[in-house]
Amino acid sequence: MHPDIIADGVWRVHAKIGSRDLFEGIWPIPQGVLLNSYIVKGTDKIALIDLVKDWEGAEGEVTRQMAELGIKVSDIDYLILNHMEPDHTGSLADFRKKNPRMEILCTAKAVPLVQTFYGVYDNVRAVKTGDSIDLGGKTLQFVETPNIHWPETMMTFEPESGTLFSCDGFGAYGQYDHCFDDELTREERELLSTELERYYANIVSSFSLFVQRGIAKLAELPVKIVAPSHGVVWRREPQKVIDWYGLLASYMNGPAEPEITLVWSSMYGNTASLLSAVREGVASEGVKLYELQVPQTHESFVLEKAWRSSGLIIGMPTYEYKMFPPMYHVLDVLERSHVNNRKVMRFGSFGWSGGAQKQFDPFVESLKWDCVGNVEYQGAPSDVDRQKAREMAAELARQVKGWCAR
Ligand code: FEO
């Protein structure tokens, strides 16, 4: 891999991370992920924007690409830390050791994290919205964008080329051989379409209100290039990814897409036995249905589809007077991620006693879900249960269509 020229005096230096690890220790990345850092070189000074963690040799790869540009770590005058999560700062202590003189610029909220994560106390300057530095013919302006993704986060704007270094914002999972949006192959575009949304749902969705605020703030900047620290660089259609994030953020309050996600678990087949009736009901209204079985499917993928769907169907049996435990975990994840304001139904079997619905109801209230009803039965479903489920799923689909058409 080689450095990519983003604009005059601006390069991306990056690493490809494979699929062996979990992102944040939680989320599968079967298609890998990119860690992008950026060099901005003026006539007087050199800045490095965001670091990497030493993950699959990423630190060595980034410094090797810097060397291709004739830049050593000791040549860096400013290290800009847009965000303190260790995927963008993990190599900080090592960089500091190699270059004690470089000045670290970050928000005031990031300063204690620089100290406590990495023991770095000297040559750290807090910057705020409106502050800038002059590199000689190149300027870096700072914009605080709290909670995209942590409270200390900011973005950096280089006005000469109109490049916005957005760190996690406008990012995506996935490895891409091509740097820019206008270079992607059809396969890469297809990968991006799902891996951007799964990344958003997994990493950013809880902070959707802050995404909306951040986008409003960025509207004041003449952005021509969006350069995130995960995923591809947007130079042909920078507004496309900004609008895409705006749309994803709007899903928090609904409606999202006119689609339904069916998440289901079954112990001995009695809950699963109602699936065909549910499918028939949704299909009768022509609404797109995603189906995900848990625990067989990781919650990362459930969250991706649930985030974009205006309707949810939860199928789960009672297990020892409560919800089937893997589904409780999924609902906890949906609650943490603010999958609010959805049209919902639930079905499921119980043995000697019910109980799942009682534990399910507080989630409905907390997530402000509009529940069209539930179909709960002892043992196997009867023909009456099947008919009820078919009609309820059709009603849910009608409500989803009507809501999204408004
Ligand atoms: Fe890519 Fe919030 O770190």
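How many residues does the hairpin that joins β5 to β6 run through? The hairpin has 4 residues. This is a predicted model, in which local features need pLDDT of at least 70 and side-chain atom pairs pLDDT 80 or more, while totals for chains, interfaces and linings use all residues. Residues are numbered from 1 along each chain as its sequence is written, and side-chain values use heavy atoms, without hydrogens and water.

**View 1. Strand β6 and its partners.** Strands are DSSP E runs of at least two residues and helices H or I runs of at least four, numbered from the N terminus; two strands pair if DSSP finds at least two bridges between them. Strand β5 (residues 33-41) runs antiparallel to β6, with 4 bridges, and Lys-41 stands opposite Ile-46. On its parallel partner β7 (residues 78-80), joined by 3 bridges, Ile-80 stands opposite Ile-49.

**View 2. Side chains of β6 (residues 46-49).**

**View 3. The Tyr-200 and Trp-307 pair.** Rings of Phe, Tyr and Trp (its six-membered ring) pair if their centres lie within 6.5 Å; planes under 30 degrees apart are stacked, over 60 edge-to-face, the rest tilted. Here the pair is tilted, at 6.1 Å centre to centre and 45° between the planes. Tyr-200 lies in helix α4 and Trp-307 in helix α8, so the pair ties together parts 107 residues apart in sequence. Both Tyr-200 and Trp-307 are buried.

Methods:
Buried means under 20% relative accessible area, exposed over 50%, partly exposed in between (1.4 Å probe, protein chains only).
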